[in-house]
Amino acid sequence: MPSPLTFSFELFPPRTPEAQAKLPRVVSQLAAVRPDYFSVTHGAGGSEKEGTYETLLTVVEHTGIEVAPHLTCVGSTRANIAAQLDRYRAAGVKRIVALRGDLPATAMSAEAPGEFHYANELVSFIRQTHGDAFKIEVAAYPEMHPQAANPAKDFENFCRKVEAGADAALTQLFYNADAYFDFVERAAKAGIKIPIVPGIMPITSYANTMRFCSGCGADMPRWVRLRLEQLEDDKAALGDFGLSVVTRLCETLIRGGAPGLHFYTINQAGPTLRLWQNLALPAMV
Ligand SMILES: Cc1cc2nc3c(=O)[nH]c(=O)nc-3n(C[C@H](O)[C@H](O)[C@H](O)COP(=O)(O)OP(=O)(O)OC[C@H]3O[C@@H](n4cnc5c(N)ncnc54)[C@H](O)[C@@H]3O)c2cc1C
């Protein structure tokens, strides 16, 4: 029997008092469809550290659904990471999204400052210090991490995280299903058995979507970009078109064997829930 699909919703710590006040309602709306877990981002270098923890508590308080904090190691010391892990463990956290984090703009080389240089070192550290107490998710890049030397090296580096003890992977956003299937195929050939869950970013704005894509090196198919550009000033029409593009992407991924979907909600319930409804997801689970 195939394993049930896993669905997760990513949040970020709100940055303004207004956004903070809105969060419980957004979280409750998203929780209504009972995702397997929420995840909460964490600023590289520790900015947002308290925000991650407070957002985690908000989700637990309003939903009782599992929450996975993201933990970035760039610029951190072992003592600092150990303290965060201890606090999460004491709070009952069972899953961590383990990341290097983006290098500060001031970094002079591609190598991260601090006592950790790459995410595989963080995964090893979590396993050494906490055994199997946490389920560990890591990032995967179907279209290659933008700082990687080439796709083969980037894939080797993904394998290091799996060897270090990752239980599952969440991908960077992408709009090209073939890039995901190619990555999964390479992983299978390399003997990797962990689930690789596609990261899904709803499309609600031309400018934001293109900014996200260029920031993480994701390719936007030309025809989609042109249509979005043309609809830029018609929010409703752009939303409908974006919804149809991402719905089709999700359908293709699930039909092709993806083990679930990780939604980048951008702290909005509407776009993710419209996708959910379009996909008739509860019926698929
Ligand atoms: C699902 C998801 C969630 C995210 N959440 C956050 C978040 O909460 N906060 C945040 O700041 N960022 C977040 N990011 C972005 C992420 O931090 C950046 O993409 C970051 O630049 C890389 O993090 P990583 O964990 O993939 O790093 P790594 O796996 O360490 O890879 C980073 C780069 O180094 C190379 N590399 C890796 N290991 C080695 C090695 N041993 N030797 C040489 N080269 C190596 C890789 O090929 C890659 O180019 C997220 C990304 C994803 C996909």
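A polar side-chain atom of Lys 161 lies 2.7 Å from an oxygen atom of the ligand. The protein covers 87% of the ligand's own 970 Å² of accessible area (Shrake-Rupley method, 1.4 Å probe). This is a predicted model: local features need pLDDT of at least 70, side-chain atom pairs count only at pLDDT 80 or more, and totals for chains, interfaces and linings use all residues. Residues are numbered from 1 along each chain as its sequence is written, and side-chain values use heavy atoms, without hydrogens and water.

**Ligand surroundings**
- His 42, Asp 102, Tyr 141, Asp 154 and Lys 161 come nearest among the 25 residues around the ligand (a heavy atom within 4 Å).
- A side-chain N or O atom of His 145 is 2.8 Å from a ligand oxygen atom.
- For a polar side-chain atom of Asn 157, the distance to an oxygen atom of the ligand is 2.9 Å.
- Helix α5 gives the most to the shell, with four residues (helices are DSSP runs of H or I, at least four residues; strands are E runs, at least two; both are numbered from the N terminus).

**Barrel**
- Eight strands close into a barrel, in the order β1-β2-β3-β4-β5-β6-β7-β8, with parallel pairing (at least two DSSP bridges between two strands).
- Four bridges join β4 (residues 95-99) to β5 (residues 135-140).
- Val 97 stands opposite Glu 137 in β5.

**Thr 272**
- Thr 272 sits in helix α10 (residues 269-278).
- Its relative accessible area is 0%, so Thr 272 is buried (under 20%, 1.4 Å probe, protein chains only).
- Beyond neighbours within four places in sequence, Thr 272 contacts Phe 9, Leu 30, Pro 202, Phe 263 and Thr 265 (heavy atoms within 4.5 Å).

How values were computed. Buried < 20%, exposed > 50% of the residue type's maximum accessible area, 1.4 Å probe, protein only. Polar contact = N/O pair within 3.5 Å; in protein donor to acceptor, adjacent residues only side chain to side chain.
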